[in-house]
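Let's take a walk through this structure together, stopping at a few places along the way. Have the sequence and the 3D view ready.

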Amino acid sequence: MGKSDPSDPSDSKHEQKLQAVLLADSFDRAWDPVTSEAHPSSSSSRDDGPSSCAAPDRGRERPLVLCPLNGVPLLRHSVDFLQGSGVEELFVLCGRGADAVEDYLRSCAPGIREDGRGGKAEDGHDKDGGVRRRDSAGAAGGSRIVWSSKMTITTMRFTDCTNAGDALRELDRRNVVKSDPFILMQGDAVTNADLRGAMAGHKARKKKDSSAIMTILLHEVGGWGLDDRDPKGEEGGGDGSANPNAPGYAVRPDHRLPSLRGPDDDLLLALDRTHSDRILLWDSSPSKTSASVPAVFFAENSSSIVLTRDHLDVGVDLCSPDVLARFSDEFDYRRLRSQFVSNSVSEEESGLQSRIHAHIIVRGEYAGRVGDMRRYHAVSMDLLRRWCYPLVPDGYGRMGPGAAGTCYAVDRNLVYRAECGGSEVGRSTVLSGPLLLGPRCTVGGGCHLRRSVLGPGCNVGDGCRLVDCHLWGDVAVGDGAVL
């Protein structure tokens, strides 16, 4: 038997561990002023030395990834999804709120004590059990956390970056991403998609064509979605019969456009079906009245190009390290989709083309984005309807420390109530699901709660009506209030 070729990527001895990059900063202000306030975990005073008086709140803002979604920060959902997808090394790119992100990750890591004590030990380990180090560039704020026996997380501070393009260029400069492909995930994405099929397809295309540098996950939402006014959808028993993504779902005439689309989410795609759904057009501008596809694409594949507007960007990509190099070469790219992807797929010169393909997630898998408050509510209700299993409140107990700190039990009509800490509900109060009551919640008598989430320590007075509300924690609602 001959010796294996060390340069052969198929040799399992030299297979690189799977890496992922999570953009923890949305680089917009869609959630202001919520994301401008200090994160609760950062409100306590610290003895950080004399320099802490210069800018006490810098880095302690609440980024979008730390906003709770049904009691669990978005960041925890993303980390658990990536770990379940086989990621062994995760890089979290932090902009605003970098200190708060790092504090949260360290509080969830195994071996960290709940007393909050930390500090730098002489052997390079933190006193609380986590492993900490400077990043490869030596800049302040890079730290490595042992998340589990199979995955480590490295936070990287890009506080001077104002857009995703600058962050990816800085990441390329630090030369830490080695795996081909690596997973690039947006911080506002919520999904339970299985990436194994997409990963295998991307590797096969890259082996045949080195210019196939990127695969974008898309979700086919179609021309219908569950209408919140549909009583069957609101009061359903959670069996999935009202889920448009479930296998065997039958379209009903009372269904309307899906609420997962944002007001500015108008994506027009041209896909080459005979070449693994290669993207030939990416137009996400809702203000444009026309779009153009290069004529050379029609000359090559005139019978297989499909124009479609019924797909949702999942916010998860499989990328070759060449993607980072392209950002470094094109210093004026600021946005990942509207500039880099749009310009790359429209390149006509064959020698300069960077081929980007689409992978459509299958029915039964869920994907949503919480880029604005309307979509946040839609995704929250979808999770309570159990469309994104196993991301359900009664499964939080399996997520370990730092997830929610509470186990939930689901009652009929999709009403979730905390098992630990409990909640008190007055007589004659009507609870209409999907609904979540966190620990230490008190609801007075004669109330009506519907399609809402109450965080820990909320107090609702008598005779209140709450519909489509999200109270994150320690909120008092007076008697007779209507929200």
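Is Cys 388 buried or exposed? With a relative accessibility of 0%, Cys 388 counts as buried, because the buried class takes in whatever falls under 20%. Keep in mind as we go that this is a predicted model.

Staying with the cysteines, turn to Cys 441. This residue is buried too, as its relative accessible area is 2%. Which cysteine sulfur is the closest to that of Cys 441? The answer is the one in Cys 458, at 4.8 Å. A disulfide needs two cysteine sulfur atoms within 2.5 Å, so this pair is too far apart for a bond. By this rule, the count for the model is 0 disulfides.

Asn 192 sits in the loop that runs between β8 (189-191) and α4 (196-208). With a relative accessibility of 19%, Asn 192 counts as buried, because the limit for that class is under 20%. What does the side chain of Asn 192 reach? One of its polar atoms lies 2.7 Å from the backbone nitrogen of Tyr 366, and the side chain also reaches the backbone oxygen of Tyr 389, at 2.9 Å.

Next, look at the second largest pocket, which holds about 1,200 Å³ of space. Its lining is made up of 35 residues, and those closest to the centre are Ser 26, Asp 28, Asp 188, Arg 337 and Arg 369. Two elements, β13 (311-319) and α8 (336-345), each give two or more residues to this lining. Which of the elements gives the most? That is α8, with 3 residues.

Our last stop is Val 425, in strand β18 (residues 423-425). At 27% relative accessibility, Val 425 counts as partly exposed, because this class covers values between 20% and 50%. Beyond residues up to four places away in sequence, Val 425 touches Arg 417, Leu 431, Leu 437 and Val 443. Take Leu 437 from that set: it comes 12 residues from Val 425 along the chain, and the C-alpha atoms of the two are separated by 9.7 Å.

Key. Residues are numbered from 1 along each chain as its sequence is written. This is a predicted model: local features need pLDDT of at least 70, side-chain atom pairs count only at pLDDT 80 or more; totals for chains, interfaces and linings use all residues. Side-chain values use heavy atoms; hydrogens and water are left out. Buried means under 20% relative accessible area, exposed over 50%, partly exposed in between (1.4 Å probe, protein chains only). On a 1 Å grid over the protein atoms alone, a cavity is a set of points where a 1.4 Å probe fits but cannot get out, and a pocket is an open set with protein on both sides within 12 Å along at least five of seven lines; lining residues have an atom within 4 Å of a point. Grid points are joined across faces, edges and corners, and a volume is the space filled by probe spheres set on the points. Helices (H or I, at least four residues) and strands (E, at least two) are DSSP runs, numbered from the N terminus. A polar contact is a pair of N or O atoms within 3.5 Å; within protein, one must be able to donate a hydrogen and the other to accept it, and residues adjacent in sequence count only if both atoms are side-chain atoms. Contact means heavy atoms within 4.5 Å.
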